[in-house]
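Keep the sequence and the model in view while reading.

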Amino acid sequence: MPTVFGQPFYRERVQLTSGGVFDFDAVSADQTIVASISTSGSRTAPGKHATGKMMKLRSDILYLLMTKAARRLVILCEKDMYERCKREVGGGRLPKEIEFFHAPLPDALAIRLFAARQVASNEVSPFKVKP
């Protein structure tokens, strides 16, 4: 993000227009840019639409809209979720005030995330997959 936006970013608590505060994943040093970052894909492990993951993004978007930041970003690590969000914006189901970016994870981190997802999926699955 520093390379793209020309300044450092920090995880930071931001004042909301409603009076509360929210911890955002990335806030620019000058606080003009606020971002939420998601590593979620648009489908669950069995291949169904990830409704819960979309609801989490919508929640994050609500908090982004409640800031006074000049730019409000959602950074998506998974291409399928990025494409889904762009379709939702095009269909008028997500606010145009939010900028969506696709930022793939480095390969080493993506491999670790995939392994962690497999473990988590196995923990909640009624049909256990043996390692």
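Five strands make up an open sheet, ordered β1-β2-β3-β4-β5, with mixed pairing. Strands count as paired if DSSP finds at least two bridges between them. Helices (H or I, at least four residues) and strands (E, at least two) are DSSP runs, numbered from the N terminus. Strands of a sheet pair through backbone hydrogen bonds, either parallel or antiparallel.

The edges belong to β1 (9–15) and β5. Each has a single partner strand, so one side of each is left without a neighbour in the sheet. From one strand to the next, the twist averages 40°.

This is a predicted model: local features need pLDDT of at least 70, side-chain atom pairs count only at pLDDT 80 or more, and totals for chains, interfaces and linings use all residues. Residues are numbered from 1 along each chain as its sequence is written, and side-chain values use heavy atoms, with hydrogens and water left out.

**The chain as a whole**

The protein chain has four helices and five strands. Along the sequence they follow the pattern α-β-β-β-α-β-α-β-α. The C-alpha atoms fill a box of roughly 50 × 30 × 25 Å, taken along the principal axes. Of the 131 residues, 31% are buried. Buried means under 20% relative accessible area, exposed means over 50%, and partly exposed lies in between (1.4 Å probe, protein chains only). Take the contacts with a separation of 6 or more: residues 24 or more positions apart account for 57% of them. A contact means heavy atoms within 4.5 Å.

**Strands and helices together**

Strand β3 (residues 33–38) runs antiparallel to β2, and two bridges join them. A26 has its bridge partner, A35, in β3. Helix α2 packs on the sheet and touches β2, β3, β4 (71–76) and β5. The direction of α2 makes about 160° with that of β4. Helix α3 (residues 79–90) also packs on the sheet, touching β4 and β5. Its direction makes about 150° with that of β5. Axes here are lines fitted to C-alpha atoms, for helices over the stretch in contact, and angles run from 0 to 180 degrees between N-to-C directions.

How do the two helices meet? Two packed helices are described by the angle between their axes and the distance between the axes. For α2 and α3, the angle is about 65° and the axes are 12 Å apart. Residues K53, M54, L57 and R58 of α2 make the contact with M81, R84, C85 and E88 of α3. The crossing of α2 past α3 is right-handed. A crossing is left-handed if the near helix is turned anticlockwise from the far one by less than a right angle, and right-handed if clockwise.

**Aromatic pairs**

The structure holds four aromatic pairs. Rings of Phe, Tyr and Trp (its six-membered ring) pair if their centres lie within 6.5 Å; planes under 30 degrees apart count as stacked, over 60 as edge-to-face and the rest as tilted. Two of the pairs are listed here.

| Pair | Centre to centre | Angle between planes | Class |
|---|---|---|---|
| F5 and F101 | 5.6 Å | 85° | edge-to-face |
| F22 and Y63 | 4.0 Å | 10° | stacked |

F5 is buried at 16% relative accessible area, while F101 is partly exposed at 27%. F5, F9 and F101 form one aromatic cluster.

The second pair also joins distant parts: F22 in strand β2 (residues 21–28) and Y63 in helix α2 (residues 51–65), 41 residues apart. Y63 is partly exposed, with 27% relative accessibility.

**Around F101**

Which residues does F101 touch, not counting residues up to four places away in sequence? They are F5, R71, L73, V74, I75, L76 and Y82. T51 lies 50 residues from F101 along the chain, and their C-alpha atoms are separated by 20 Å.

**Cysteines**

How many disulfides does the structure hold? It holds zero. A disulfide is a pair of cysteine sulfur atoms within 2.5 Å. For C77, the nearest cysteine sulfur is that of C85, 12 Å away. C77 is buried, with a relative accessible area of 9%. C85 is buried too, at 1%.
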